[in-house]
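User: I'm new to this one and would like a short tour. Could you show it to me?

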Amino acid sequence: MPDVRAPERRREQRRTVTEPGAETNREELAGTARFTEWRPATADALAWEGPDFRHPADVLREALAEGPLGHPWDHGFPRYAWHRTGDVVHEFRLTGESPGHYTGYTLHSSEWPEGIA
């Protein structure tokens, strides 16, 4: 009888904060990254919120220059970067469109990765 089990699914690892290597120039990362606006599928979803009214591209640059970063790395860019202001955490994730292009959104506190206190 043939094996009819479903193939194993690979789940993405839980988002975790990692330290970049000493060879990583964070200012260069911040200077070359680009922000792409994300539009949620539902009208009631809030893609971007926070206590300040800074443009997401500026927050992305600050996150890459100074904030926690997450693996894996792709073409020299971390898949994730986070920025925290008070009790609001914004997550930036590579879009896959081209190297260094990120989208960003606000995380619920239950979604914060370990290492962001």
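User: Is Thr106 buried or exposed?

Analyst: This is a predicted model, where local features need pLDDT of at least 70, side-chain atom pairs count only at pLDDT 80 or more, and totals for chains, interfaces and linings use all residues. Residues are numbered from 1 along each chain as its sequence is written, and side-chain values use heavy atoms, with hydrogens and water left out. Thr106 is buried, with a relative accessible area of 12% (buried means under 20%, exposed over 50%, partly exposed in between, with a 1.4 Å probe and protein chains only).

User: Which strand holds Thr106?

Analyst: Thr106 lies in strand β6, residues 101-107 (strands are DSSP runs of E with at least two residues, numbered from the N terminus). Six of the seven residues of β6 are buried, so the strand is largely enclosed by the rest of the structure.

User: And which strands pair with β6?

Analyst: Strand β2 (residues 34-35) pairs with β6 in the parallel sense over two bridges, and Phe35 stands opposite Tyr102 there. Strand β5 (residues 88-94) runs antiparallel to β6, joined by six bridges, with Leu94 as a bridge partner of Tyr102 (strands pair if DSSP finds at least two bridges between them).

User: What lies between β5 and β6?

Analyst: The two strands form a hairpin with six residues between them, and Gly96 in the turn has a positive phi of about 90°.

User: Switching topic, what is the mean pLDDT of the protein chain?

Analyst: The mean is 83, and 76% of the residues reach 70 or more (pLDDT is the predictor's confidence in each residue, from 0 to 100).

How values were computed:
Helix = DSSP H or I, 4+ residues; strand = E, 2+ residues; numbered from the N terminus.
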